[in-house]
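Good morning, and thank you for coming.

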Amino acid sequence: MVQPGTYFYHGHYGMQRSAGLYGSLIVDVADGEKEPFHYDGEFNLLLSDWWHQGVHEQEVGLSSNPFRWIGEPQTLLINGRGQFNCSLAAKFGNSSVSQCKFRGNEQCAPQVLHVRPNKTYRLRIASTTALASLNLAIGGHKMVVVEADGNYVQPFAVDDLDIYSGESYSVLLRTDQIPSNNYWVSVGVRGREPKTPQALTILNYIPTPASKLPTIKPPVTPPWNDYNHSKTFTKSIFALMGSPQPPKAHHRRIILLNTQNKINGFIKWSLNNVSLVLPATPYLGSIKYGLNNGFDQKLPPDNYDSNNYDVMNPPVNPNSTQGNGVYTISFNTTVDVVLQNANALAKNVSEIHPWHLHGHDFWVLGYGEGKFKEEDESKFNLKNPPLRNTAVIFPYGWTALRFVADNPGVWAFHCHIEPHLHMGMGVVFAEGVHRVGDIPRAALACGLTGNRQN
């Protein structure tokens, strides 16, 4: 990688991420180069969620009729550590959960952030959650957001930060509070009615003992359905001056209607009424070697019947189809993707979906309420839109993205909520595959390409 920033990696076979196959990936600036901000030290905070039920049982339930949802996670994790049936802040709560008693060397003990007074620290925060949207806050401290998904942004101060699965941020923290105290770092659920306790750790001001708990309760996570709070944060993110600007026009626009559907009684997620089922043969090999029977050759639709589809109500016809066709994009062209949210199968339900694109960054041109219309293009931000690799669509709204198809290959574009992808919430883009050189054997080991020798 040539672009410095805060990233993470994870497995993508089945629901491996839910099983814990992930980790931080930090790319430092090249020798001799400087970042546009100063800090004295840094911490990595990798946030995730955890279920007691194994991923195989989860996958079986999601693929069953009657449908069995995975439920809410039992624990939120910070750097792989969390608590169950006890709390670091039990004395501040009204529940019967007991106080955690740690010596500090237990596997589930929190990873304490040790800081010195009157210093500036960079917190690299990434969310690899399978389901939960999260909010992070640090008691008594503001944070200044300076990076999003590996791209510098115009710095802005916040009391708390919303982060969706697949996203990453860097924030600067000034340790300017009373040095004889310690402070809570809290992470809570957003976007879903929370049934999971906050994850907590301690910001420890040296030389105050790390065992000294804060004297006030942890920051309260904003209400799960306060979407205005979420939108205010998200819409405050702009590219740092001097960042690459998007092309002024697009060559192709793809509008993807996000819907919950049924196929033969099984609950699925679909895009333009197609629920993705990945083929046995890797796309890259199928396309490069002309194996047309490796996947569905029917072209997926660029749009939906927007004149007749009511995004504010459950679908009149909930039935959908399965497919694994590919959006073939002309190399080096500019593509707009509009993500259109809609009501799910149940009345008055529209969920948050964080969408992640492999192989590219994209510009987030804008957000809107209700159904996207042609005239909404006049509202696009072409001056300083942030470059991201993950973007959220809010309930009953739309999000507009723009990217240049300049990276030869086959790339997934999908909802980063693990069970949603498992239920078909994704599409596949292919561009310039003829430019791809030799493909490693390991990437051809399945399906029709399994016996190839080159």
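I call a residue buried under 20% relative accessible area, exposed over 50%, and partly exposed in between, with a 1.4 Å probe and protein chains only. By that rule C415, at 0%, is buried.

This is a predicted model: local features need pLDDT of at least 70, side-chain atom pairs count only at pLDDT 80 or more, and totals for chains, interfaces and linings use all residues. Residues are numbered from 1 along each chain as its sequence is written, and side-chain values use heavy atoms, with hydrogens and water left out.

A disulfide is a pair of cysteine sulfur atoms within 2.5 Å. The whole structure holds one disulfide, formed by C86 and C100 with their sulfur atoms 2.0 Å apart. C86 lies in strand β5 and C100 in the loop between β6 and β7, so the link ties together parts 14 residues apart in sequence. Strands here are DSSP runs of E, at least two residues, numbered from the N terminus. C100 is buried, at 8%.

Let me turn to salt bridges: a side-chain nitrogen of Lys or Arg within 4 Å of a carboxyl oxygen of Asp or Glu. The count is 17. One of them joins R253 and E374, at 3.2 Å from N to O; these residues are 121 apart in the chain. R253 is buried at 15%, whereas E374 is exposed at 56%.

How values were computed
Helices (H or I, at least four residues) and strands (E, at least two) are DSSP runs, numbered from the N terminus.
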